[in-house]
Amino acid sequence: MTESWYAVRDEVFADGLRGRLPRLPGDPARLEELARQYLPAGLWSFVAGGAGGGRTVMANRAAFDAWEIVPRPLGAGRALSLVTDVLGTSVAAPVMLAPIGLAGLAHPDGEAAAARVAGQLGLAMALSNSSSLSLEEVAGAAPGAGLWFQLHPPRDEELGASIVRRAQKAGYRAIVVTVDSWTRGWRPADLDLGYDPFLRGQGMGTFLADPLFTASLPQDMAVGSQPWLAAAGARWREVFGHSGLRWDYFEQLGEITDLPILIKGIVHPDDAEEAIARGVSGVVVSNHGGRQLDRSVAALDALPAVVRQVAGRVPVLFDSGVRSGADVAIALGLGADAVLLGRPWLYGLAIDGAEGVRHVLRCVLAELELTMVMSGAATVGDLRHLVRPAPGRAGGH
């Protein structure tokens, strides 16, 4: 990208002179409010809700208030570059689309729209294991995009191996193994609505395209019929979530694929150390956006200790609670090599399809770039000298 990301700011002001206002807000809180009007109640609770009383969701957001940037603006004259390489994937900025399931329920174009936009902007996307479209459909819709695949290891290890091989064949560049959600957490909002999308055959695009999975379904039912989808949901319940997952799984996975393997859901430095010992190529500090375990440590609070433990041996990525470019700057300043943005891109998709995703990403990147310019940071490395604990806050440990 040759022009500044924050050109979006000037475009909006120019449109304002012509009496045209943006369809989507730039404020993350207003974006969330607007998205609720576009999302079905069940999908809203599934995506926006948190485990238990929502304390981890709130803690993820509050953790950002424990840090501040100390600007050194006289450094702003240097050329700024956000171009980053993460495990062989070159991206225009250290921001990725985090894996979110069921995007097809938010908009008919689903994950394909998000992947196309990511590719057009030079960003990477981790496709959810629970995508509405199959991994092949998404890869086909966004040729050349930097796609990674998120895997929830199923109990059926042959099925898991089949999915991983399909991802590699389709051109995905890394496998992101999520370890903090082998079963669904206690989510009162979902329970109050009696809403489990997977039992309805939703969010199963990759599974329904897998020959091993479909071979296990009744062969006397019409494919795609409601009874068939119900049977698929029941089978999914049987195989989803590897409750017996152990560290040696990552060594076994390395025998199936030569793609880089990341482990997502790390919040303890000792687990990061063990991951490296098992040959993992990168770790993602995350608590699943507060959707799995109530009263879990805030992901941002866990980041500095993990970064210190890893000490540059493998990339450390971060997600959970990120809403803005300023949030991204704080996470990068605390040592993350790249940051995954989750709920906001789905909100944009729900409101305005691909253009909504584009708007959200451009706003986040514009604010990130402006934050760096105003701070005097020409590189991500510079940010790491400018972020410090906020006075009177409990964070910063």
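Which residues does Arg187 touch, not counting residues up to four places away in sequence? Arg187 touches Phe46, Gly50, Ala51, Arg291 and Gln292. Contact here means heavy atoms within 4.5 Å. This is a predicted model: local features need pLDDT of at least 70, side-chain atom pairs count only at pLDDT 80 or more, and totals for chains, interfaces and linings use all residues. Residues are numbered from 1 along each chain as its sequence is written, and side-chain values use heavy atoms, with hydrogens and water left out.

**View 1. The annotated binding site.**
The unreviewed UniProt entry lists Arg187, His288 and Arg291 under "binding site". UniProt positions follow the numbering used here, feature names are shortened, and annotations may be inferred rather than shown by experiment. The three span 105 residues in sequence, yet no two of their C-alpha atoms are more than 12.9 Å apart, so they gather at one spot. Arg187, His288 and Arg291 also belong to the lining of the largest cavity. A cavity is a set of points, on a 1 Å grid over the protein atoms alone, where a 1.4 Å probe fits but cannot get out; lining residues have an atom within 4 Å of a point.

Arg187 sits in the loop between β7 (175–178) and α9 (188–193). Helices (H or I, at least four residues) and strands (E, at least two) are DSSP runs, numbered from the N terminus. Arg187 counts as buried because its relative accessibility is 6%. Buried means under 20% relative accessible area, exposed over 50%, and partly exposed in between (1.4 Å probe, protein chains only). His288 lies in the loop between β9 (282–285) and α15 (299–310). His288 is buried too, at 13%. Leaving out residues up to four places away in sequence, His288 touches His152, Thr178, Asp180, Ser181, Lys264 and Ser320.

**View 2. Helix α15.**
This helix has 12 residues. From first C-alpha to last, α15 reaches 16 Å, close to the 16 Å expected at 1.5 Å a residue. The expected span is 1.5 Å times one less than the number of residues. The buried residues of α15 are Ala299, Leu300, Ala302, Leu303, Pro304, Val306 and Val310. Ala311 follows α15, with a positive phi near 55 degrees.

Side chains of opposite charge can pair when their charged atoms come close. The structure holds 22 salt bridges. Each is a side-chain nitrogen of Lys or Arg within 4 Å of a carboxyl oxygen of Asp or Glu. In one of them, Arg362 pairs with Glu11, the closest N and O atoms being 2.9 Å apart. Arg362 lies in helix α17 (residues 343–375) and Glu11 in helix α1 (residues 7–17), so the pair ties together parts that are 351 residues apart in sequence. Arg362 is buried at 18% relative accessibility, whereas Glu11 is partly exposed at 36%.

**View 3. Lys264 and Asp319.**
A salt bridge joins the side chains of Lys264 and Asp319 (3.2 Å, N to O). Lys264 is in strand β8 (residues 261–266), and Asp319 is in the loop between β10 (316–318) and α16 (325–333), 55 residues apart. Both Lys264 and Asp319 are buried.

Notes: On a 1 Å grid over the protein atoms alone, a cavity is a set of points where a 1.4 Å probe fits but cannot get out, and a pocket is an open set with protein on both sides within 12 Å along at least five of seven lines; lining residues have an atom within 4 Å of a point.
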